[in-house]
Amino acid sequence: MVDPARLGTEADDVVPSHARRWGFRLAAVALGLVVAVVLAEIGLRLLAPQPTGAYALAADPDVGSMPRPSFEGRKRIPDVYDYTFSHTAEGLRTTPASATDSTAPEVLIFGDSFTYGMGVADGETFASRLAEGLAGRGTSVRVRNASRPGGAPDFALRLFQARDWQ
């Protein structure tokens, strides 16, 4: 039988002991989850590293996010593409085949990652191929690639207005 005089003391002893056990269990589960996540992260980094590369975009106060001016980089995604790229001082994708004569007519190309040439070198972009094709027909034209990966019509409009191109 239970002695009524000791009821209060036993009950006080049982509750903290019970709460302590649950606290230890929760702490063990939390620690186990943290260890599992850390081990998974290490495993992914060692066994299946994610592609990284130079961050080629920069913030412009007038335009927003645009290609980083005077930048050269390399982007590599295994089994997809591996290419080098460069940007002009204005933050436009370099078009090596373009005419350098400043009096030549100018073609300004706006677009998204396809027009920018994501996945291909500077000389393989649409803008560069256009400049080569026009030069092959005897037409001297400066082709400028003002595209941006993820670019939308609003980016083209902001860039056109900010640079005051005519």
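**View A. Contacts of Val63.** Val63 touches Phe155, Arg158, Leu159, Ala162 and Arg163, leaving aside residues up to four places away in sequence; contact means heavy atoms within 4.5 Å. The model is predicted: local features need pLDDT of at least 70 and side-chain atom pairs count only at pLDDT 80 or more, whereas totals for chains, interfaces and linings use all residues. Residues are numbered from 1 along each chain as its sequence is written, and side-chain values use heavy atoms, with hydrogens and water left out.

**View B. The largest nonpolar core.** Seven residues make up this core: Val63, Met66, Leu92, Ala146, Phe155, Leu159 and Trp165. A nonpolar core is a set of buried Ala, Val, Leu, Ile, Met, Phe, Trp, Tyr and Cys residues joined through side-chain atoms within 4.5 Å. Buried means under 20% relative accessible area, exposed over 50%, and partly exposed in between (1.4 Å probe, protein chains only).

**View C. The salt bridge of Asp60 and Arg163.** The side chains of Asp60 and Arg163 form a salt bridge, at 3.4 Å from N to O. This pair links distant parts of the chain, with Asp60 in strand 1 (residues 57-60) and Arg163 in helix 4 (residues 153-163), 103 residues apart. Helices (H or I, at least four residues) and strands (E, at least two) are DSSP runs, numbered from the N terminus. A salt bridge is a side-chain nitrogen of Lys or Arg within 4 Å of a carboxyl oxygen of Asp or Glu; the structure holds eight of these salt bridges. Asp60 is buried at 18% relative accessibility, while Arg163 is partly exposed at 24%.

**View D. The salt bridge of Arg142 and Glu106.** The side chains of Arg142 and Glu106 meet at 3.3 Å, N to O, in a salt bridge. Arg142 belongs to strand 6 (residues 142-145) and Glu106 to strand 5 (residues 106-109), so the pair ties together parts that are 36 residues apart in sequence. Both residues are partly exposed: Arg142 has 22% relative accessibility and Glu106 has 34%.

View E. Arg144 is buried, at 15% relative accessible area. A network of salt bridges links Glu90, Glu106, Arg142 and Arg144.
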